[in-house]
Amino acid sequence: MKKHWYDYLWIASLLYLVLGFFNILFAWLGLLCFFIPLLFALVGGSKGYCNRYCGRGQLFGLLGGRFGLSRKKDVPGWMKSKVFRYGFLIFFFAMFFVMLWNTWLVFAGVQDLKQVVTLLWTFKLPWHWAYHGTLFAPGVAQFAFGFYSVMLTSTVLGLVTMVLFKPRSWCVYCPMGTMTQLICKARNGREV
Amino acid sequence: MNLSRKRRKAQVDTSLCVACGCCVKVCPLQAIEIVRGITARVNPDKCVGCGKCAAECPASVITIREVEA
């Protein structure tokens, strides 16, 4: 099948993760992975981002498929249930708002900047080497550390389920995928 | 004499489909599409039941079934 430019977006996803090791401020670019799918869903009423442009999905597909790093087993039933998918979406967003709150506290001068990346919402990894100061307020860097934590955590979860189940198992419970599908259902009606 | 033939076709469990579009990418006959961001839908006229979409589907909600042609 003919390859298109968007079939190489996995490079952008990989580059994003690598850049975060060198300068944490690149983490801001990850907002694209939030706003573009939302625009597709809200304006276009489709999951065009998932269907075509999601570099992360492509990366999992490549690692689990061509590189053979996946057992290619079915995901368990509970993982594709609505309870789990919606529950994970709520949990993910709750954690996201905690991160935004911590960013706000740094902006407000109540808290100092913490140069750590929090993996799986629990483990604080030292990440000071990727911070070289900012021209802006420290809160800008705090958001970058927080956002990179979100992106790294979801990548790690995606890699684990890629190995255990099918390459793109992450797509089953990806909060952005669940949310954009919900938006499409609300916008287009449930009848297909 | 029964002249009806059975053919293999892909079927999507639309209640569990996450509409990720992985199936669309692998279908050699463009016989499957994502409808309005909600679910995948197979065009039975085009589908030959090769099973590529079923193998690819991350949620494993596509099955290949024999149907009357």
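**Chains A and B: a chat**

Biologist: How many residues does each chain bring to the contact?
Modeller: Chain A brings 23 residues and chain B brings 18 residues. Keep in mind that this is a predicted model.

Biologist: Which helices of chain A each supply at least two residues to that side?
Modeller: Helix H3 (48-53), helix H7 (170-173) and helix H8 (175-188) do. H8(A) gives the most, with 6 residues.

Biologist: And what's the side of chain A that touches chain B made of, by class?
Modeller: It has 7 nonpolar, 9 polar and 7 charged residues.

Biologist: Switching topic. Where does UniProt list "transmembrane region" in chain A?
Modeller: The unreviewed entry lists residues 14-43, 83-104 and 145-165.

Biologist: Helix or strand for 83-104 of chain A?
Modeller: Residues 83-104 are 100% helix and 0% strand. Their end C-alpha atoms are 31 Å apart.

Biologist: What about 145-165 of chain A?
Modeller: That span is 95% helix and 0% strand, with its end C-alpha atoms 30 Å apart.

Biologist: Now chain B. What's its secondary structure?
Modeller: Chain B has 2 helices and 4 strands. Along the sequence they run β-α-β-β-α-β.

Biologist: Why does the radius of gyration of chain B agree with a compact globule?
Modeller: Because a compact globule of 69 residues would come out near 11 Å, and chain B has 12 Å. Its C-alpha trace spans about 45 × 25 × 20 Å along the principal axes.

Biologist: How much of chain B counts as buried?
Modeller: 39% of its 69 residues. Also, take the contacts in chain B with a separation of 6 or more: 62% of them join residues 24 or more positions apart.

Definitions and conventions:
Residues are numbered from 1 along each chain as its sequence is written. Chains are lettered from A and ligands numbered from 1 in the order in which they are written. This is a predicted model: local features need pLDDT of at least 70, side-chain atom pairs count only at pLDDT 80 or more; totals for chains, interfaces and linings use all residues. Two residues are in contact if their C-beta atoms, placed from the backbone, lie within 7 Å. Ala, Val, Leu, Ile, Met, Phe, Trp, Tyr, Cys and Pro count as nonpolar, Asp, Glu, Lys and Arg as charged, and the others, Gly among them, as polar. UniProt positions are given in the numbering used here, feature names are shortened, and annotations may be inferred rather than shown by experiment. The radius of gyration is taken over C-alpha atoms; the globule rule is 2.2 Å times the number of residues to the power 0.38. A residue is buried if 20 or more other C-beta atoms lie within 10 Å of its own, exposed if 12 or fewer, and partly exposed in between; C-beta atoms are placed from the backbone.
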